[in-house]
Amino acid sequence: MSGDWARHLIIVPVLLPLVAGAAILLLKERHALAKRVAALGTATVLLGVSILLLVQVASAGFAGHRATTAYLVGDWPAPFGIVLVLDWLSALMLALTSTLGLTSLIYATARWDRAGPRFHSLFLFQLMGLNGAFLTGDLFNLFVFFEVLLAASFGLLLHGSGKARIKAALHYVAINVATSLLFLIGAALVYGVTGTLNMADLTDRIPAAGADDLAILQSGMAVLGIAFLVKAGMYPLGFWLSRTYSAAAPPVAALFAILSKVGVYALLRVYLLLFGGDDGGAANFGEEWLLFGGMATIVYGMIGVLAVRTLKRMAGYSLIISAGTLLAAVGAGQGDVLAGALFYLVSSTLGVSAFYLLIELIERREYDPLIAGEPVFDDEYAGAPDELETEVGVVIPATLAIIGGGFAFCALLIAGLPPLSGFISKFAMIDGLLNLGQTVPPTSWLLIALIIGSGLAILVATSRAGIDLIWGPSDMPTPALRVSEAVPVGLLLAVCLGLMVFAGPVMRYMERTGQSLADRKGYVEAVLRVSRTQARADRP
Amino acid sequence: MELVLALGIGILTSSGVWLILRPRTFQVILGLSLLSYAVNLFIYAIGRLKVDAPPIVGAVAGAASQYDDPLPQALVLTAIVISFAMTALLLVVLLASRGITGTDHVDGDDGE
Amino acid sequence: MIQAPDLPLWWSLIVGLLVLAGAGMTLVGSVGLLRLHTFFDRVHAPTLGSSLGAVLIVLASIVCFSVLRTRLSIHEVLIVLLITCTTPVAFMLLARSALYRARAERSAKTSETTDAEPSDLPPGSGDSDLAR
Amino acid sequence: MLALALAITGAQVMLGLAMMCAAYRMTAGPRAQDRVLGLDTFFTNSMLLLITFGIQTGRTLYFESALTIALLGFVGTVALSKFLMRGEVIE
Amino acid sequence: MLPLMGSLAVALLSTGARNAAGLIAGATALAGTVLIGCLYPVLAGGRVLESRIAWLPSLGVDLVLRLDGLSWLFASLVLAIGFLVVIYARYYMSSQDPVPRFFSFLLAFMGAMLGLVLSGNLVQLAFFWELTSLTSFLLIGYWHQNESARTSARMALIVTAAGGLCLLLGVVLIGKIVGSYDLKDVLASGDAIRQHPLYMPALILVLIGAFSKSAQFPFHFWLPHAMAAPTPVSAYLHSATMVKAGIFVMIRLWPVLAGTDAWYYIVTSTGVATLVVGAWAAIFQQDLKGLLAYSTISHLGIITLLLGISSPLAAVAAIFHTLNHAFFKASLFMAAGIIDHEAGTRDLRRLSGLYRFMPITGTLAMVAAAAMAGVPLLNGFLSKEMLLAEALEDYNDTWLDQALPYLVSLALVFSVLYSVRFIHQTFFGPRPELGHTPHEAPHWMRVPIEVLVLACLLIGIFPAITIGPILGLAAHAVLGDSTPAYSLAIWHGFSQPLFLSVVALVLGAVGYVLFAGRLNAISAPPLVGLLKGRRMFDAALYFLVAGARWLETRTGTNRLQPQLRVLVMVALLAGVLPFLHYGYSLGSRHGTVLDPGFGILWVIGGVLAIAGAWQAKYQRLAAVVLVSGVGMVSCITFVWLSAPDLALTQLLVETVTTVLLLLGLRWLPKRLPDVWPERHTPASVRVRRARDLLIAILAGGGMALVSFAVMTRPLPDTISRFFIEHSYADAGGRNVVNVILVDFRAFDTLGEITVLAIVAITVFSLLRRFRPAGESVRGPLQQRRQDAFDEAGEDREPGDTLSDYLLAPRVIIEWLFPVIIVFALYLLIRGHDLPGGGFAAGVTMSIALVLQYIAAGTRSAESRLRVRPMNWMAGGLLAAAGTGTAAMLFGYPFLTSWFRYLDLPIIGKVPIATALLFDLGVFLLVVGATAVILIAIAHQSIRTPLRQKVAPVEPAPEQI
Amino acid sequence: MIRLIPHPFLGLALLALWLLLTQSVSPGQILLGAAASLIGMQAYAALDAGPSGRLRVRLIFKLAGLVAADIARSNLAVAAVILFRQPDRVAGFIRVPIALKNRQALAMLALIVTATPGTLWVDFDRRNGTLLLHVLDLVDEEVWVRLIKDRYEALLMEIFEA
């Protein structure tokens, strides 16, 4: 029986936050400490589990076994029931999510989790949505988890309330609701032609789609793609991104750093799986659009990064740049680029996340995030703002130095300059783009130029802002830095440092990930051939 | 039947799209409601139309062709719930925005 | 789709007639919505559909299913019972609101309305900005 | 058989026309109360239409939908009326 | 890697620990120097040391430390001068400065620089290259309270980092050409590189990198500004080491890149331009460090020029000059630092006659300056001779080659001129008018200068013994077997170079005598002064930012409408394109026969939808009514088309949505004033509307066409067949839709109810902070008026109108309460077999609750019904998730269902299914969530009266 | 017992409702229905709507019959009004003094009046016991007042307050 439990590990990233989030709902607002402990505990366990899963995948994969494992939710056979699929990519994304989750949560416990009610539950639900989206192998289930994570992101975005957040949320919600409708339309069209929703099964069936149905199929996929691209923030669909994220509370924004990657993930997953092969008329469909769209996105991000005045918006635009880079890299359609792009995804996400956390520390002197509110139900929210000050923050003498150092660290990371992992990933991408032997298409050159140029733009922008903020003369008091705020930033940056030091193995992982994405047959086999629990037969 | 439903979906979509492009928050919310009706019908229609073939099986299930495709129905049910949730959320955000900006223009300023 | 359940001829005639009568009653009620001139006249019209129209159609249903399943099928009665309970609630509330609004509007315009109203009802004044 | 089928279809058409009348009130007004009245009528007529549909198919499956309209269809009207009267639904 | 660790150690020291910091830094540098010194014999034996750490093997990037002659030379330069600078800095930095930070940066830089020169891999080289940029940025900005330090640091960073990125790209290209980034392999394939079509881009990119780092024209402008750094930094970075990084790269790649026309033209012309411009500009500097900075630029130009010439001998000369320049320029900078320190100014116009106060420093500076000017017996002379020889050598018959001697000589004249000026104006002449008396610097501060000057002398006098072997080693590392024979002698006989040297010395001295006075009056160098690099840089940045802002407003938008419009249009395009490509076709499936009723229904539906869209702006209530009519139409459609579950759910949701919208409507402004008067809508608005209308019609048309196309095709073999076949047999439910929801795809449902829960929490949280708009705070007009009427009536009390209004309805609604609840339970229980289910039941239940709220009002309803919706929600989620988890306890996957028929006496067969438990969870959650949402909004009304107490006094009823 | 079954009539009615809904009288359904009706009763009790009192069942049936007949008749009358325009038709409000005090009885009256086509319960002033009715075809005010008072109010009075 105990050996069996390892099999269920894959469901934990979805189930645990759900149960914990629900249980926390039962706690009244005044049990703030219990909530914190529960949430932090959950996030820690999640991190542990996701690392376990990562190790599981990697050890199986590197040992030459099949790394992709599927889990039949409800024990219904594969194309019919919902399947959770753990493979290189999803394990990676899970680990990334739980890392961001834990760090942001630690950060939030310093003060932000009290800026509004029910923060912990929302936060955990957000993690659940992300994990579910990364794990699922079913198109419609993906939609459901998209909605879970979106709904939670609405909640988290509004956490703390205030004019900017509400205004941003209005746009964000409206756009995303519209986008969800597109998702539905796309998924419905795909179903209408293929008759299935399971991604592996779709992969099997798409080549068999009649020429007559191809138009509908592609139309559906294109609409679906638009839905993903909106999430990813591709130009001209991503205007909302920077403003929305900058309005969110810092730990929330830090977690949101991965939100736009969900779109990229979905695109990677769905498109490479369904259209990655060479067979059938639908192969490699839409790649140029991704490539050009991605490049346009980078350009827009560069413009934005240079244009905006606040660090938060800058971080938002750097997210757009990173999304654009990823999209273009996916569109460039080569395995080697993909590995670099994945590395880049991890590193830029961590970097931007840390950046959001740091920005608040830097800009903290200027505002008070907590707006008083009145309770709706009597038992809710027993006067949190007053209690804040009772919690003593450990003031580190060299606060500013640490913040400054962290800032420089983040800026380098995002800009992709040495010595950090951002550099390695950009280098890997460029290396991959040039890996074509004699003929490097002009688009690749353009993309390389943009990758480098965008790094430079970020450097120009952050150096301006950073110098003004950190080096500039200021009579404002040095902000107090709590350990619980410094630790997560440090953790994130340490992870990036680790990525750099252990770039070799990490890169190997990424390469295998890229290969596994190209290996559609392996995925299909792993998913469709997974067997049900034996004792099933005794069911009536 | 198909044609009528297709036209109906089209009209709902048009109305919905027209509304979400309007500048008032309430228009947007109604537009999204209309659009979600349209999309629900659309998903449903993707399972093809069948009259008098509800997917309720007897003790022994008949051939699949005797029943309307149940899966799109299940999907629509999920979609209905989710779009209800989102409408509620959007509404509240709208109210909050209205309260805080003093206008119900989507961008927080007046003028058309 | 023009189809019907397999009923014996006589029963099917009865059912058909009941259905037609009910639908006709309802149609008359709804036509009343068009033909009557004032709101307070119109408000009476739909009651046709929710009373006799409903009863007739439900009766048709009862007959039909009782014959089909060869046992008394009376659960449709519930529909009649419930509709008799619920629609009046709606109409009562609506009528009172309409009265208030009419008053409010009349006192705003100080012009005549078509309804003769008692004077001791809440007065209204210039609230033309009411949601219509 | 055919007679019944025609009768039912005829009834459906009549109910459809009745719904049209209601829809006309909903669209044309002139006042809010007319629209609400139209809506209520629309619901009632829809319910009847569903019953005829049940008869037509010989299934009782559609009964619940009709019953639900009978039981809960008035909620919308109540809310609208109260809104007209009091300016808010729940106070 | 020693320095990097030292840097870390120093960084951890507190700000006060200045001696410790200095000590560690010094020790580190010294240890490094000794270490590298010890390695010399090994290298002299002709070996190349390599150590390799796998880093990114898959990309061909390993950390390779490669020590050959060239890198040894540069490494020892870095370490030795670093050591001296540390000593110097220990005394130079004032006691207020946070020295540990300084030393930490300095050591970090040292480490980066070492990594750069030692790297045996091109990518690693680029990597450390950027590191040097970064650390130098930190060092330049060390005095960050000073604005110019900040901007200069940033400028240096941007220029060099950008250059570094170009370099990176360049070396990646080279790597791609060669197929390896390993230096060994690269150096071995020079011909392949030069013949490759990518040679040009690679060359240009590498050179841009090198030029920007080495401050070559036109990238030179950052260097003089970098003088804002503390003087030790200038001495170290901007004379001896960092700027040499560019040179290093050119030398390193010289074997593979040089030798082509492109190389010759680009490098040589750049070198010459830099040489001349730098020297010219140096003459006119009034700032001591500025003069040195420009002279550095010009000397870097010399080295570049030599490299550009592409002859092996020139390369040797370049290496040699690099070394020499490091020695004399570092010492000069240090001397300048002492002068600055003591005299309190670096302005040449204010300095004079310092020799009498600081003879030792003066002497040292004089010797160093002489070396710079190329006076014989000093090291500068030697390399200058080589330069002149190479300039005179005829390599190819181009105008550049012809002009080279003249240009070089001219520059040398300038260099003599500014050297003389530097010495003379500083140390000679009348007593300076300074507030205090300067004196000699502390001994240990002078020691570094003394050592360096000594080196200049030694090299200058005994070149063959001192520097010869080292230079040979380095040259061999670059040139390999083609290392030319050269002699490092002071005396080569009377030759053209010597003649030119002498001429330059004389002309320079004469020039100084002639123009000295005039030079002091000029604040900016003529001709070159017009090319204000910095201002151009600033302007470029400014335009970049301004342009970006402009573009951002043009290409982006913060408004919702355009975003949605774009979204719709893009989606439309995406949906339509495949059809344009493959053509639009209908399928062969026979449609279902149209029912007249259905047709009428959709006529109504269409009219209602359009009317709703039309009315939504000014007649919100009407729009709500119309939209719920549309909802009803779609509900009937579902019934018609065999989807009773959908119909039921749609209907219920419809009802709740209507209530919800009305709850919301209370907080919206009653009616909008027309923004545009009737028929005076501006044309722009009309155009926009027409456009939106077009988009809307297109979108609708697209949806209609697509759905029609799909509907006319036969349905493929869908996975639904499985559901239908197994629904009753394996899952125990007849209603396939419901079985899908609670069993086959229960995971979806779990997610869906989570969404609902999240939204409920969000709504609840948001409304806690809700602030209604000003005009809706007072409560609706109707209520105020009716209350006023009640007040006025003799036999009435406030609230009577309301209670009379609700009298009968309230009782009936109370009657209905248990009925609806029983109905809800019924829907819940039967869901598995017939239309219904947890969701429908939950919504029904919450409608029952809401009805009570409507009829009784919030307070009164809550005094009797104590709903704890949050607990319902949590309970529901836990029940649903718990049901799924229970399966895991039995070894089945999550959410595996189980059911049995129990045979009970009397009652008969009773199905027991876990799916029902799951559905119960759904039910609980839906009740809770819907209630939270509706009640939270409803609660806003009873919160407002609290505010009224503080708000301005209500107008009296009569006034209304 | 009283706490368990606070409203026996209601309970029975709910059970009947359940059985009607399930269209079955199997023992299992009766059990389930009983459970459901218990829940329903508890919910109703929570509303604290006042005691339902003793109802006279026989009279209720009588009332129902009466009302049914009236409704049928009025249906035809109203249909006639709609279909054939009667220029002399007068519609209007009338006022009926009502002596009933019991809320439930009043509600029942309201139901009856409104469910009958042609008459509409508009408002009831509780303090002075006046009912405002709208009548579609107001031939004689007194006839309507008598109808309400004698036919319904009296009966209701008996059912609820006797």
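1. Glu814(E) is buried, at a relative accessible area of 2%, where buried means under 20% relative accessible area, exposed over 50% and partly exposed in between, computed with a 1.4 Å probe on protein chains only. Arg103(F) forms a salt bridge with Glu814(E), the closest N and O atoms being 3.4 Å apart; the pair joins two chains, since Arg103(F) lies in helix 4 (residues 103-115) of chain F and Glu814(E) in helix 35 (residues 800-830) of chain E. Salt bridges that share partners link Arg103(F), Glu814(E), Arg810(E) and Arg864(E) into one network. A salt bridge here is a side-chain nitrogen of Lys or Arg within 4 Å of a carboxyl oxygen of Asp or Glu, and helices (H or I, at least four residues) and strands (E, at least two) are DSSP runs numbered from the N terminus.

2. On provenance, this is a predicted model, in which local features need pLDDT of at least 70 and side-chain atom pairs count only at pLDDT 80 or more, while totals for chains, interfaces and linings use all residues; side-chain values use heavy atoms, with hydrogens and water left out. Residues are numbered from 1 along each chain as its sequence is written, and chains are lettered from A and ligands numbered from 1 in the order in which they are written.

3. The count over all chains comes to 25 salt bridges by this rule. Asp692(E) and Arg22(B) form one of them, with their closest N and O atoms 2.2 Å apart; the pair crosses between chains, from helix 29 (residues 683-711) of chain E to the loop between helix 1 (2-20) and helix 2 (25-46) of chain B. Both Asp692(E) and Arg22(B) are buried.

4. Within chain E, the side chains of Arg446(E) and Glu450(E) meet in a salt bridge at 3.6 Å, N to O. The two residues lie in helix 20 (residues 443-461) of chain E, four residues apart, about one turn of the helix. Arg446(E) counts as buried, at 9% relative accessibility, whereas Glu450(E) is partly exposed, at 26%.

5. Helix 4 (residues 99-118) of chain E has 20 residues and should span 28 Å at 1.5 Å a residue, and its end C-alpha atoms are 28 Å apart, which agrees; the expected span is 1.5 Å times one less than the number of residues. Helix 4 of chain E is also mostly covered, with 19 of its 20 residues buried.

6. Chain E and chain A are in contact (heavy atoms within 4.5 Å) through 121 residues of chain E and 140 residues of chain A. Together they bury about 11,600 Å², 72% of it on carbon and sulfur atoms, buried area being the accessible area (1.4 Å probe) that two parts lose on being put together, summed over both. Three salt bridges are counted between chain E and chain A, including the one in which the side chains of Lys176(E) and Asp431(A) meet at 3.2 Å, N to O.

7. Between chain A and chain B, the contact takes 26 residues from chain A and 29 residues from chain B. The area buried between these two chains is about 2,400 Å², of which carbon and sulfur atoms give 86%; Leu170(A), Leu181(A) and Tyr191(A) supply 24% of the area that chain A buries against chain B, more than any other three residues. The count of salt bridges between chain A and chain B is zero.

8. Chain A has 22 helices and two strands, and 72% of its 540 residues count as buried. Thr349(A), found in helix 15 (residues 335-363) of chain A, is buried with a relative accessible area of 0%. Leaving aside neighbours within four places in sequence, Thr349(A) is in contact with Leu96(A), Leu100(A), Ala257(A), Ile258(A), Lys261(A) and Tyr344(A).

9. In chain F, strand 2 (residues 119-125) and strand 3 (residues 130-135) run antiparallel and are joined by six bridges, pairing being assigned if DSSP finds at least two bridges between two strands. Asp123(F) stands opposite Leu132(F) in strand 3 of chain F. The two strands form a hairpin with four residues between them, and Gly129(F) in the turn has a positive phi of about 60°. Strand 2 of chain F is mostly covered, seven of its seven residues being buried.
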